[in-house]
Amino acid sequence: MSNIIDEIREEFFKYQDVEYRNFQAGLVPTADVSASIGVRTPGLRRMAKEFMKREDIGVFLDSLPHEYFEENQLQAFIISEMKDYEACMERLTAFLPYVDNWATCDQMSPKIFKKHRAELLEEIKIWIKSEHTYTVRFAIGMLMEHFLNEDFDISYPEMVSKVRSEEYYINMMTAWYFATALAKQYDAVLHFIEEKKLDVWTHNKAIQKSIESRRITPEQKEYLRGLKIKASWKND
């Protein structure tokens, strides 16, 4: 008799799309293509809703590290659907150290967090100081998703601006965060750009993404263009 892990893998291979797997390999370069089956995201989300109802789902969730990229995706989607905050946070905390790519990191967004922002913020303060790339990226992503509207506080972009890393996937998320912050809280966060509080690459990338945004006015875009740092600046 097969266990739930075998059943999940059988389901994956039932919906395998090799062309999609090869295409996806270019989008998620840190994920080993040999460990990817090629299941599209809608199918994985559907499987997550089905398998999370199983009494033995804990067997799968406990089987870390997973063998396949799709298993990580499935775990992320199951965690995102959990309705009990404490249980969700316990599973998330156990899983984060095993997240090894931007897709799994960014597509994991527990719905229950909307009702527990105060508790979430305390976890973010811990995650953002992690030495693990995707734990830090996840922390910044959660600040961007949950704390740029009514719960915004200037201490949050200050927290993000202090992150220093050589990791592309951290710096790109930081740039994305500030581009989104400029779109939602322009007057409050502009000084982080004006005062060059980010490293040069992240500073310029944040401006680039802001200029590409439809939520930034033409006048704001023009001003931001003038704040770009020339490559030679860092060598002065």
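The side chains of Asp56 and Arg54 are joined by a salt bridge with an N to O distance of 3.0 Å, a salt bridge being a side-chain nitrogen of Lys or Arg within 4 Å of a carboxyl oxygen of Asp or Glu. The model is a predicted one, in which local features need pLDDT of at least 70 and side-chain atom pairs count only at pLDDT 80 or more, whereas totals for chains, interfaces and linings use all residues. Residues are numbered from 1 along each chain as its sequence is written, and side-chain values use heavy atoms, with hydrogens and water left out. Asp56 is partly exposed at 28% relative accessibility, and Arg54 is likewise partly exposed at 27%; buried denotes under 20% relative accessible area, exposed over 50%, and partly exposed the range in between (1.4 Å probe, protein chains only).

A salt bridge also connects Glu81 with Lys111, at 3.1 Å from N to O. Glu81 belongs to helix α5 (residues 69–81) and Lys111 to the loop between α7 (102–107) and α8 (117–127), so this pair ties together parts 30 residues apart in sequence. Helices are DSSP runs of H or I with at least four residues, numbered from the N terminus. Glu81 is buried, its relative accessible area being 17%.

In the salt bridge between Glu150 and Arg117, the closest N and O atoms are 3.8 Å apart. This pair links distant parts of the chain, with Glu150 in the loop between α9 (133–146) and α10 (155–161) and Arg117 in helix α8, 33 residues apart. Glu150 is exposed, with a relative accessible area of 62%, while Arg117 is partly exposed at 21% relative accessibility.

Through salt bridges that share partners, Glu7, Arg54 and Asp56 form one network. The count of salt bridges is 16.

Conventions: Helix = DSSP H or I, 4+ residues; strand = E, 2+ residues; numbered from the N terminus.
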